[in-house]
Amino acid sequence: MSSLRIDNELCTGCGLCVDSCPVSAISIDDCLAVISDACNDCGACISVCPVEALSFPREGALQEMPIEKYSDVWIFCEEEHHKIAHVTFELLGKGRELADRLGCRLCAVLFGHEVSDLVSPLYRFGAERVYMVDDERLHSYTTAPFARAFTSLVRTHKPEIVLIGATTRGRDLAGAVATILETGLTADCTGLDIAEDGKNLVQTRPAFGGNIMARIMCMKRRPQMSTVRPKVMIMSQPDESRQGELVQEKLVIKESEILTKVVEYIKDDKGSVNLADADIIVSGGRGLGKPENFSLIRELADALGGVVGASRAAVDAGWIPYQHQVGQTGRTVRPKLYIACGISGAIQHLAGMRTSDVIVAVNRDPEAPILKIATYGIVGDLLKVVPELTRKLKERH
Ligand SMILES: Cc1cc2nc3c(=O)[nH]c(=O)nc-3n(C[C@H](O)[C@H](O)[C@H](O)COP(=O)(O)OP(=O)(O)OC[C@H]3O[C@@H](n4cnc5c(N)ncnc54)[C@H](O)[C@@H]3O)c2cc1C
């Protein structure tokens, strides 16, 4: 049964809602809108009603949800300047695994303008179906149209799991969508699994400053929503032969509901560093002693063709901009080589780099925790060790 409400005092029987309904569930009877059982609560009619006579009930206790009607795993495809973000492919890898465990479809959700050529890569990385909303108003990311497009799709097609990258826009979108749909959202998950009951999603994330790993489940609401940081999940291999099914939907939103517009796009090059995609990262911490000593880290990074990272202590001291911070409240990285210089190895730092392929730690304290997880440890004064490493590397070139 539909949960949509009609305020008969406001309804003028204009019929705009009848035209907007994708499942022909609305008719006009005696100058008033009437909803039939075919209504799937997609909400498309709400935004077209000029007198705001249609709504979902918002007060009081949440209505019980028929969670058995929800199936499929959805991945939000993050696209910018016609390029799919790497995290999308990482989530498709994890999503494929979850969908196989649940015996359901893996679907991708693609929003943008003139983005149909981005559909094929989503099939190649595991999506069986792609829901696409192609609309000029989705050219640049703003919250209202993206959230409307997403919530309408969810209400119509009812996915049981939605995974979104924990990027700047992903965090914004996930929060808005979960709030509108009145469902649970677990941010910054580091692990996703299916519970022993074979139905519910177990979402693992660090809590209480990283001291415990919380396992969170959303048992009574759907979809179960998670955000996952880039580089946490492993990207699967593409299969060039894979094809899928494309489902195109329309964006139904009034112009007055779009409160922000992107006027211009200016790239911020100042202090920018691409830690997430770097193969080699050389990081400095409080052990550097003073900001000037970051030049030693930069020289080693340059000699290796890598980029500079930092601990939060170094960032908080104002020695280097936040964009360089690695860890729980900074970037999660997974480079081939991570060199930690003068970094103790606090749990919050390790949370962002411990899955690096090879970890080298330079520390004068043989008991420093970082040495316990390092592949190679150098116990010594970084002010001597780091320039020596740089010199040796330059000699080899
Ligand atoms: C909620 C929360 C979130 C956090 N998020 C992050 C995060 O995202 N990233 C992060 O890094 N931290 C984070 N922290 C902070 C974290 O707990 C640590 O305080 C921080 O990582 C310490 O930085 P450090 O290792 O550079 O400094 P320290 O812990 O002070 O370690 C300095 C190290 O340098 C060594 N050293 C000193 N001099 C030399 C020398 N001359 N040669 C060689 N070694 C030397 C010392 O032996 C020591 O091991 C967070 C904390 C909280 C509570």
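Author: Helix H5 (residues 143-157) and helix H6 (residues 168-181) pack with their axes 9 Å apart, at an angle of about 50 degrees. Axes are lines fitted to C-alpha atoms, for helices over the stretch in contact, and angles run from 0 to 180 degrees between N-to-C directions. H5 is therefore oblique to H6; angles under 35 degrees count as roughly parallel, over 145 as roughly antiparallel, 65 to 115 as roughly perpendicular and the rest as oblique. Helices (H or I, at least four residues) are DSSP runs, numbered from the N terminus.

The model is predicted: local features need pLDDT of at least 70, side-chain atom pairs count only at pLDDT 80 or more, and totals for chains, interfaces and linings use all residues. Residues are numbered from 1 along each chain as its sequence is written.

On the H5 side, the contact is made by Thr-143, Phe-146, Ala-147, Phe-150, Thr-151 and Val-154. H6 contributes Asp-172, Leu-173, Ala-176, Val-177, Ile-180 and Leu-181. Contact requires C-beta atoms, placed from the backbone, to lie within 7 Å. By class, this contact has nine nonpolar, two polar and one charged residues; Ala, Val, Leu, Ile, Met, Phe, Trp, Tyr, Cys and Pro count as nonpolar, Asp, Glu, Lys and Arg as charged, and the others, Gly among them, as polar.

A further pair is formed by helix H7 (residues 294-304) and H11, at an angle of about 25 degrees. H7 is therefore roughly parallel to H11, and their crossing is left-handed.

Conventions: Helices (H or I, at least four residues) and strands (E, at least two) are DSSP runs, numbered from the N terminus. Two residues are in contact if their C-beta atoms, placed from the backbone, lie within 7 Å. A crossing is left-handed if the near helix is turned anticlockwise from the far one by less than a right angle, and right-handed if clockwise.
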